[in-house]
Amino acid sequence: MTTPTPAKKTASADARYSAPALDKGLDILEVLSKTPQGYTLNELSHVLGRSVNEIFRMVSTLHQRGYIHINDRDRYALTLKLFTLAHEQEPIKSLIKESLPLLAELSERSMQSSHLALYQNGRVMITAQNDSPERWSFGLKTGAQIGLTDTSSGHVLLAFADDTARARMLNHHIKIDGEIAHEPEALADILRTVRQQGYATMPSIQIQGVTNIAMPVFGVAGKIHAAINVPHIARIDGLRRPNAEQIITILRDITLRLGLRIGYIPTVDSPQADTASATND
């Protein structure tokens with residue numbers, strides 16, 4: 001296990017205004033955010049490089065406040081409270097609210113599940129989802145974390161970010177379990193292709209038989225805010241359902257309409273300019 005190194009203080013004023021207890025609490029949350037299975041108190045003590053006595057009261061307080069929980073194997077793990085707090089921010093709250101009816105429409109038109117993904121603090125998070133109207137469906141749970149570098153949603157979020165934002169995202173990237181790393185040159189080629197075609201499509205690396213199709217949602221000033229993904233499952237029983245090409249057309253319409261609702265103004269050279277023209281006609 002790697003012991004996190006506390007941030008170095010850059011000036012004496014930093015030390016004067018430091019809050020050791022708060023630092024301890026944030027260290028605990030940050031360490032737990034990197035492990036899906038959680039840690040026992042002794043393991044947490046080891047990873048943090050602090051004694052059990054040093055962290056016991058802080059862990060107990062975080063548990064009482066609902067930020068972490070303890071399972072039947074005495075392992076502490078994060079709850080979704082931080083996720084809930086993050087999404088109380090007005091821009092994200094508004095995006096999710098506006099997305100829900102459009103995700104429902106997308107699922108009805110495509111006969112597939114769909115979900116909204118955002119980049120947050122080094123990870124890609126599923127912030128809203130809608131099940132397929134079929135008798136069976138495949139989808140990701142709200143609050144689930146997915147890979148930044150090996151998923152269609154992650155590729156879209158990276159491809160349509162500006163150079164500075166993309167570098168920051170990759171620099172702060174926190175890999176999830178099972179995430180497949182790409183060489184920088186290979187990832188750059190993938191992102192270039194995504195930008196050129198305006199969307200990402202790829203067989204799921206995690207689930208056999210699923211083809212993910214994702215498109216960007218742009219907002220104010222043409223900046224990417226999110227990605228919408230359809231995990232496409234093709235029927236083999238002869239029952240006619242929208243194919244991948246048809247889903248791409250439907251998804252292009254849905255992502256544009258969501259963007260327009262949150263302040264996107266397409267320009268002549270924007271990725272969705274043709275669709276915007278058709279929508280406004």
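**Note on the sheet and salt bridges of a predicted model**

1. Arg192 has a relative accessible area of 39% and is partly exposed. The model is a predicted one. Arg192 forms a salt bridge with Asp189, with 2.7 Å between the closest N and O atoms. Both residues belong to helix H9 (residues 184-197), where a spacing of 3 residues puts about one helical turn between them. Asp189 is likewise partly exposed, at 42% relative accessible area.

2. Salt bridges with shared partners link Glu105, Arg109, Asp253 and Arg257 into one network. Within this group, the side chains of Arg109 and Asp253 meet at 2.8 Å, N to O. On accessibility, Asp253 counts as buried at 18%, the cut-off for buried being under 20%. Arg109, at 34%, is partly exposed.

3. Another salt bridge joins the side chains of Glu43 and Arg75, again with an N to O distance of 2.8 Å. Glu43 is in helix H3 (residues 41-48), while Arg75 is in the loop between strand E1 (68-70) and strand E2 (76-78); the pair therefore ties together parts that are 32 residues apart in sequence. Arg75 has 15% relative accessibility and counts as buried, whereas Glu43, at 24%, counts as partly exposed.

4. For the structure as a whole, a search finds 12 salt bridges. The pairs described above are among them.

5. Turning to the strands, an open sheet is formed by 6 of them, with antiparallel pairing and the order E5-E4-E3-E8-E7-E6. The edges are strand E5 (145-146) and strand E6 (200-203); each has a single partner strand, so one side of each has no neighbour in the sheet.

6. Helix H7 (residues 152-159) packs on this sheet. Helix H7 touches E3, strand E4 (123-130), E5, E6, strand E7 (211-218) and E8. The direction of H7 makes about 155 degrees with that of E8.

7. Inside the sheet, strand E3 (residues 114-120) pairs with strand E8 (residues 224-232) through 3 bridges, in the antiparallel sense. Leu116 stands opposite Ile228 of E8. In general, strands of a sheet pair through backbone hydrogen bonds, either parallel or antiparallel.

Definitions and conventions
Residues are numbered from 1 along each chain as its sequence is written. This is a predicted model: local features need pLDDT of at least 70, side-chain atom pairs count only at pLDDT 80 or more; totals for chains, interfaces and linings use all residues. Side-chain values use heavy atoms; hydrogens and water are left out. Two strands pair if DSSP finds at least two bridges between them. Helices (H or I, at least four residues) and strands (E, at least two) are DSSP runs, numbered from the N terminus. Contact means heavy atoms within 4.5 Å. Axes are lines fitted to C-alpha atoms, for helices over the stretch in contact, and angles run from 0 to 180 degrees between N-to-C directions. A salt bridge is a side-chain nitrogen of Lys or Arg within 4 Å of a carboxyl oxygen of Asp or Glu. Buried means under 20% relative accessible area, exposed over 50%, partly exposed in between (1.4 Å probe, protein chains only).
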